[in-house]
Amino acid sequence: MEAIRRLGEAALESLRTLGSAGTFLFQALIALPNPRKNFPLLIQQLYSVGVLSLAIIVVAGLFIGMVLGLQGYSILVTYGSEQALGTMVALTLVRELGPVVTALLFAGRAGSALTAEIGLMKATEQLSSMEMIGVDPLRRIVAPRFWAGFISMPLLALIFSAVGILGGHLVGVDWLGIYDGSYWMNMQGSVEFWDDVGNGVIKSVVFGAVVSWIAVFQGYDCEPTSEGISRATTRTVVYGSLAVLGLDFVLTAVMFGGF
Amino acid sequence: MTDSSSAQPANLVEIHNLVFHRGKRAIFDGVSVNVARGKVTAIMGPSGCGKTTLLRFIGGQLRPDSGRVLVEGRNVPDMKRDELFATRARMGLLFQSGALFTDLSVYENVAFPLREHTRLSEDLIRELVLMKLEAVGLRGAENLMPAELSGGMNRRAALARAIALDPALIMYDEPFAGQDPIVMGVLVTLIRTLREALGLTSVIVSHDIDETLSIADYIYVLADGKVIGEGTPDALRASESPFIQQFLNGHPDGPVRFRYPVPSFAEELAAAKLKAGGRN
Amino acid sequence: MRTRFVEMAVGLFLVAGLAALFFLAIKVSGLSDESSKPSYQVYASFQNAGGLTVRAKVTMAGVVIGRVTDISLDPKTLKAKVRLDVYNEVREISTDSVASILTAGLLGEKYIGIVPGADDTYLKNGDEIEQTQSALVLEDLIGKFLFNKANEPDKEAK
């Protein structure tokens, strides 16, 4: 009986947190943007969230593209279909790995940084003092960071896919001897821009919103102590990753599952 | 120097019967405090009695369960956004940790309230910032980042930011906590100077007896969510309340017990012996 | 200036993202301005459209001359009515041409191949291709094969 009661309590607590997370986001975003003041903030955040993630995204994309090339070749060659490598690499990246792996890496690198930054500002009372000066920290601190994540994610995913396809080309054409022409021609024949690339972009937009939301909320809501901040950072990475994987399944089923 | 016209109430801040619960605990159970204009009012009490939380009500960051918080005659919890924004420009709060924005330089920190509440030109802002820094003795340090400041300089820079808009009210949250004697002396002098030169009304939340009693004009002592004593420093020193005496003189035991509330050690030993004896 | 650097970096980031998008559009998915090519519409009815999808290619002699833009069930004939958009530049498809649903490769997707006929009259906008060849459905082929196989020993016996 006790276990059931605890379960109910935990569920209600989760709902309550979800509700406050929703209100939090709503309050942070409904503000009319003040272009003169907020645009530079957004640029600054785009830099620290987007530009600084480029390194890991490009390197990861390159390696994953190359691995796809290797593994794909070894599987396809047993069916004599190695010329389809371009198709395989491109579709895998554009539909799935591009958005998903980028989102996971983003949650780990940029998401945790956002959480830690906001959490630290909370713990050192900077958010409170900002409020006392009459500036809403939700608009000044949280909103630019959210939008930066939301905008950066699709861009990073596109770059990831592009670099990965080039990596696959490097392995398949330059090292394993597939014809350059067939790599690209087969790919072009089977990758639909709106269906595949477009859906991939939609996925990464959704992931961007969810991961950024989780990251800023965890930072804002954390216990203002050092353990609190470290717990919040961990939660961002874990919840963010799980959310991405779960949503990926739902989105894939909706987008590509209609047979 | 302000004429007591009927438009200006004598008390800049009045708190009437504030009640506030956190969970089941009553943090404030009917607290009333008056902050007289132009004077230094201190709020004291043992740790954890909620002194700092009181400042949050004045600033409108928390809403009471019941009671009124009047600033210049207007009830803060009732205020709409715009009015609250304007009211906050009239008060400055010096946080215990300074709470400077770590990603901005000292100059940018002090300029921050100016940029938010006024449309002054950059030149004018520069003048004002340097003036404030001069007042706290930090002119020349404006390009340093908060991480490069010592603890005392940190507090002073935060104070400069708190007075940037020439507020009518300054609140100090534990300004003397953990500072070395020299820094404490500097802060005491600054608080006094600000009162005398600018006629600022100050509220100090602290549990440092000597410093606070040396500059406060009126003191409230809080404990268990209630005001258990108030008066001028002399009146309090002469108070007959055992609690206030324990507090002011720092006696380890008195109305605030030294020991955690459990049966006395002797009783517990006897009870344990009884239990052990019963088993044999 | 620090801000100048930040702004430039963000600008480059956005440019890189857009470049990746263009790369994916052109080089990877072969997006071209097909949709804006002017075309006329021709219909064809099939017994079985089996796996043909909208946007499938329409080819003649292996060259893409249009796209499938609609597949619906004709309520009167109970056949699959397929609408083909044929590029305007391909003007001379004779009215007795044959449209067949073919498969690209062993497991590939379905497309429509048109074999030209000998008539002097050509298809115009709204015309219907009379001769059609439905998609080959695997189960029917296997069934046919088994049926034939089953009949053979009888023939030998006679």
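1. The model is predicted: local features need pLDDT of at least 70, side-chain atom pairs count only at pLDDT 80 or more, and totals for chains, interfaces and linings use all residues. Residues are numbered from 1 along each chain as its sequence is written, chains are lettered from A and ligands numbered from 1 in the order in which they are written, and side-chain values use heavy atoms, without hydrogens or water.

2. Chain C has 2 helices and 8 strands. Helices (H or I, at least four residues) and strands (E, at least two) are DSSP runs, numbered from the N terminus. The pattern along the sequence is α-β-β-β-β-β-β-β-β-α.

3. Of the 158 residues in chain C, 30% are buried (under 20% relative accessible area, 1.4 Å probe, protein chains only). The accessible surface of chain C is about 10,300 Å² (Shrake-Rupley method, 1.4 Å probe). Carbon and sulfur atoms account for 58% of that surface.

4. Take contacts (heavy atoms within 4.5 Å) in chain C with a separation of 6 or more: 62% join residues 24 or more positions apart. Between chains, 2 pairs touch, and chains A and C have the most contacts. Chains B and C do not touch; their nearest C-alpha atoms are 13 Å apart.

5. Chain B holds an open sheet of 4 strands, order 2-1-4-5, with antiparallel pairing. Pairing requires at least two DSSP bridges between two strands. Strand 2 (25-36) and strand 5 (74-75) of chain B are the edge strands. Strand 4 (residues 66-71) of chain B pairs with strand 5 over 2 bridges. Val71(B) stands opposite Arg74(B).

Note on methods. Buried means under 20% relative accessible area, exposed over 50%, partly exposed in between (1.4 Å probe, protein chains only).
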